[in-house]
Every structure is written in structure tokens, then in C-alpha cells.
Amino acid sequence: MSKGNERFGARHVVAFLIIYLVWGSTFGAIHVALESVPPVLLVGLRFALAGLLLLTVSRLKRRADGTAPSQSLGALWLQAVPVGVALFFLSGTLLAWSEQSLPSSTAALLGCASPFFVVLFEWVRTRKAPGPFVLAGLGLGLAGVAVLVGSGTAPALQSVALLLGAGTTAFAMLWLARSPEGGLAAVGRQMVVGGSLGLVGSALFETRQATWTTDGALALVYLVFVGSALAYCAFAWLLARVPASLVSTHAFINPLVAVLLGAWLLSEPVGASSLLAGGLIVGAVLLLTLGNRQPRELEDPATPSATLKLPRAPRFPALRFPAMAALRPALRFKPALPALRFKSALRFKPALRFPKALRLARIEPAPAASDLTLCTCATDSIGCGRPVGPSRGTLEPWASRRRS
């Protein structure tokens with residue numbers, strides 16, 4: 001079935017629940033894991049292990065199917081560098097660093113600002129002003145961020161870091177939209193690139209040592225297997241079967257899940273300013289989603305309903321005139337002009353030469369053998385021995401012969 005025509009079933013519901021609940025719960029899991037692991041090391045371990053897991057699954061699946069990569073491994077790893085650096089290393093590191101001093105709910109509200117940057121980047125790239133829904137969404141989003149920062153719930157430095165992380169996420173999303181290669185193997189390579197940079201950066205710049213606890217280790221295991229590997233598998237599966245505008249609704253569900261789980265499991269305080277800012281930001285993301293949604297006919301050209309069928313031009317019968325076929329021989333005009341020949345003592349040749357197309361021969365019955373004589377030219381004592389016509393032995397103009 002083509003994308004958008006597959007029947008919505010139980011597997012789709014499970015996949016949506018995974019990206020809604022799991023990605024919403026990763027903010028609290030990061031907050032717990034930071035008690036045992038420094039932020040850059042956490043990013044390196046999480047994405048490096050999850051990327052290796054996805055590459056292993058992809059390799060086993062490719063071996064079972066008997067398929068091979070379409071490009072060389074070097075080219076595939078180079079394609080994974082931009083997304084791996086922007087999405088998994090920079091965005092993940094900025095989020096983890098900010099959560100050291102921010103509640104997970106506040107980090108989730110500011111971290112979901114990537115749709116705002118997507119709109120801004122597209123606005124700058126295409127020089128095309130967005131619609132009213134998009135402009136209203138941008139205004140609501142800025143108001144929500146102002147409420148969080150102005151009330152003291154989110155410090156300015158951490159707020160800037162989270163907004164930068166949202167910007168790098170938006171860049172990665174736009175890059176992925178134009179990337180020729182996708183699938184689990186591509187996501188695995190991107191995770192390995194981002195995780196490797198995290199491990200190198202932690203070894204070079206972080207001085208804090210990891211002090212493992214049971215909660216921290218379980219949170220890291222949850223982030224690797226559930227928050228990264230399982231969630232990205234569900235995300236890739238949905239993108240192949242459901243319109244992207246429907247999949248992108250996780251952007252305004254994840255902050256709500258993070259706020260509820262933070263208040264329930266981590267006992268994080270939820271004040272009036274957080275609720276107001278959360279409502280403004282979630283409403284802004286909803287308006288952006290509605291403003292960027294296109295009709296299904298334009299999203300998936302392979303959909304049968306999206307195929308533009310033009311009316312067939314009417315066929316008229318050919319105009320045939322039977323009388324024209326009968327008149328065609330009579331319309332052939334071939335003038336019969338006499339060949340101008342002059343009497344001469346030399347060999348007789350036409351005095352005037354016309355193009356071959358104008359020299360029209362007149363067909364006459366061949367003379368009898370008794371009427372033919374041989375040519376006795378004055379310049380040839382023997383004679384050429386060719387028949388020249390009647391017994392007169394000379395050629396006369398055709399007009400004079402006719403008069404006689």
C-alpha cells in the first residue's frame with residue numbers, strides 16, 4: 001500500500017503511543033541519569049550504544065533480505081556527519097547540560113521549540129512569508145518563553161542553551177528532509193557519530209567522574225534501548241506509512257507528558273507560570289502544525305486520489321471526399337512540348353538543352369524495319385550504323401513531319 005492509504009490499525013496506535021510517551025519520558029530519565037553521569041558522557045554513552053544496536057539490527061535484516069548498500073560505506077558515513085553532529089551531539093549535550101539546573105518539565109517546554117526554528121529557517125530560505133496560523137503560532141511561542149524566563153522558572157543562560165539546541169534540531173530535521181538515504185542504518189550511523197563525539201568531548205573536557213547508582217544505571221539503560229532505539233524505530237516506521245504532518249504531532253504531546261511525569265514521579269513543582277507558559281507553547285506548536293499542514297494530495301504524489309487526470313481531447317473523424325480520388329488522375333498536368341532539333345551536317349544534337357525534368361519524350365510507335373536506314377554521317381566514312389528513322393536518312397523537326 002502507498003503512504004497515506006494504509007489502514008490505521010493497532011500497530012499504528014502502538015507506534016504513536018511509543019513516540020508520545022517514550023519521548024516525553026526521556027526528559028525525566030535524563031534528569032535521573034545526570035545524578036550518576038556527567039552530561040557529555042551521558043550523551044556519548046546513550047547514542048553510541050543505541051547506534052551500534054540499530055546498526056546490528058539493520059545488518060541482520062539486510063543479511064536476511066539479501067540486499068546490499070546502494071553506496072560505499074565511506075559515502076554513507078559522510079552523509080551521517082551533519083545530522084549526527086547537530087541532532088545527537090549538540091542538541092543532546094545542550095539539553096543534558098541545561099537539565100543539571102532545570103526541572104525536566106521546564107526543559108521539555110523549551111526543548112520543543114524546534115518547530116519555531118523550522119518555520120524561521122524556511123522563511124529565510126524561501127523568502128516567502130508564512131501564513132496567519134504560523135505567525136500566530138510564533139507569537140504565542142515567544143510569549144510562552146517570555147513567561148518562563150520572566151517568572152524566574154528558567155534561568156536565562158539555560159534558556160538560551162535549550163533554544164540553541166532546538167535550533168540545531170530544526171537544522172537536522174531540514175537536512176533529513178533532503179537527505180537521499182534513510183532507514184535504521186542511517187539513523188544508527190548518525191547516532192554513532194554523535195555518540196563518538198560525546199565520548200571524545202567527555203574525555204577531553206569533563207573533570208567530573210561518573211558515580212554509578214542503581215537509578216542512574218537503569219535510567220541510562222532505558223535511554224539507550226527504549227528512549228533511543230525503540231522510539232526511533234517507531235518513528236521511522238510511522239514516517240514510511242503515515243503522513244508526516246500527523247507524525248509531527250509528537251512535538252506538542254511530549255511536553256505535556258514530561259510535565260505530568262515530572263510532577264508525578266520526580267515531585268517537581270508545577271506553578272501557575274509553568275502552566276501558563278506550557279499552554280502558550282503547546283498552543284503555538286499546534287498552530288504551527290496546522291499552518292504547515294498541506295492537503296494529502298500534495299503530500300503524497302503516489303496516492304491515487306492525488307493523481308491529476310486531465311480530460312482526453314475529443315477525436316474527430318477524418319474528412320474524406322470520394323470524388324477527390326476520382327479527380328486525382330485528371331489533375332495531373334504534363335505538358336508535351338516538342339523537342340527542338342535542327343538539321344546539321346554534323347551529328348544531330350538538340351540545340352537547346354533543358355533540365356531533365358523539362359525534357360518530355362513523346363512516345364510514338366516504332367517504325368517498321370524496312371523503313372529504317374543506317375546513319376551515314378559526313379564525318380564518318382564507315383558510319384555509326386544506328387537507325388535514324390525513315391528512309392530519307394535525315395532527321396527533321398517533329399513539327400514539320402507532323403505537317404507533312
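Trp175 is found in helix α7.

Before moving on, a word about what is on screen. This is a predicted model, where local features need pLDDT of at least 70 and side-chain atom pairs count only at pLDDT 80 or more, while totals for chains, interfaces and linings use all residues. Residues are numbered from 1 along each chain as its sequence is written, and side-chain values use heavy atoms, with hydrogens and water left out.

Now zoom out and colour by secondary structure. The protein chain has 15 helices and 0 strands; these are DSSP runs numbered from the N terminus, with helices (H or I) needing at least four residues and strands (E) at least two. Of its 404 residues, 37% count as buried. Take the contacts (heavy atoms within 4.5 Å) with a separation of 6 or more: 84% of them join residues 24 or more positions apart.

Switch to a surface view. The accessible surface comes to about 24,600 Å², and 67% of it belongs to carbon and sulfur atoms. Such areas come from the Shrake-Rupley method with a 1.4 Å probe, and for residues only the protein chains shown count as cover.

Next, select Leu120, Phe121, Trp123, Val124, Leu135, Phe171 and Trp175, which make a nonpolar surface patch of about 650 Å². Helices α5 (114-126) and α7 (156-177) are the elements giving two or more residues to this patch, and α5 has the largest share, with 4 residues. Patch members have over 30% relative accessible area and no salt bridge; nonpolar side chains (Val, Leu, Ile, Met, Phe, Trp, Tyr) are joined within 5 Å, and like charges within 9 Å.

Stay on α5 and pick Arg125 and Glu122. They form a salt bridge, with their closest N and O atoms 2.9 Å apart; the term means a side-chain nitrogen of Lys or Arg within 4 Å of a carboxyl oxygen of Asp or Glu. The two residues are separated by about one helical turn because they are 3 residues apart in helix α5. Arg125 itself is exposed, at 51% relative accessibility. How many salt bridges does the structure hold? The count is 1.

Jump to helix α1 (residues 10-33) and select Phe16 and Tyr20, which are 4 residues apart, about one turn of the helix. Both are buried. Their ring centres are 5.8 Å apart and their planes meet at 45 degrees, so the pair is tilted. Rings of Phe, Tyr and Trp (its six-membered ring) pair if their centres lie within 6.5 Å: planes under 30 degrees apart are stacked, over 60 edge-to-face, and the rest tilted. The structure holds 7 aromatic pairs. Another stop is Trp23, Phe47, Phe88, Tyr232 and Phe235, which ring pairs link into a cluster.

Now go inside. The largest nonpolar core has 66 residues, and Ile19, Leu42 and Met191 have the most contacts inside it. Its largest share, 12 residues, comes from α1. A core here is a set of buried Ala, Val, Leu, Ile, Met, Phe, Trp, Tyr and Cys residues joined through side-chain atoms within 4.5 Å. Centre on Leu42: leaving aside residues up to four places away in sequence, it touches Ile30, Ala33, Leu34, Val37, Leu220 and Leu223.

Last stop: Leu78, in helix α3 (residues 73-98). Is Leu78 buried or exposed? Exposed, with a relative accessible area of 64%.

Methods. Buried < 20%, exposed > 50% of the residue type's maximum accessible area, 1.4 Å probe, protein only.
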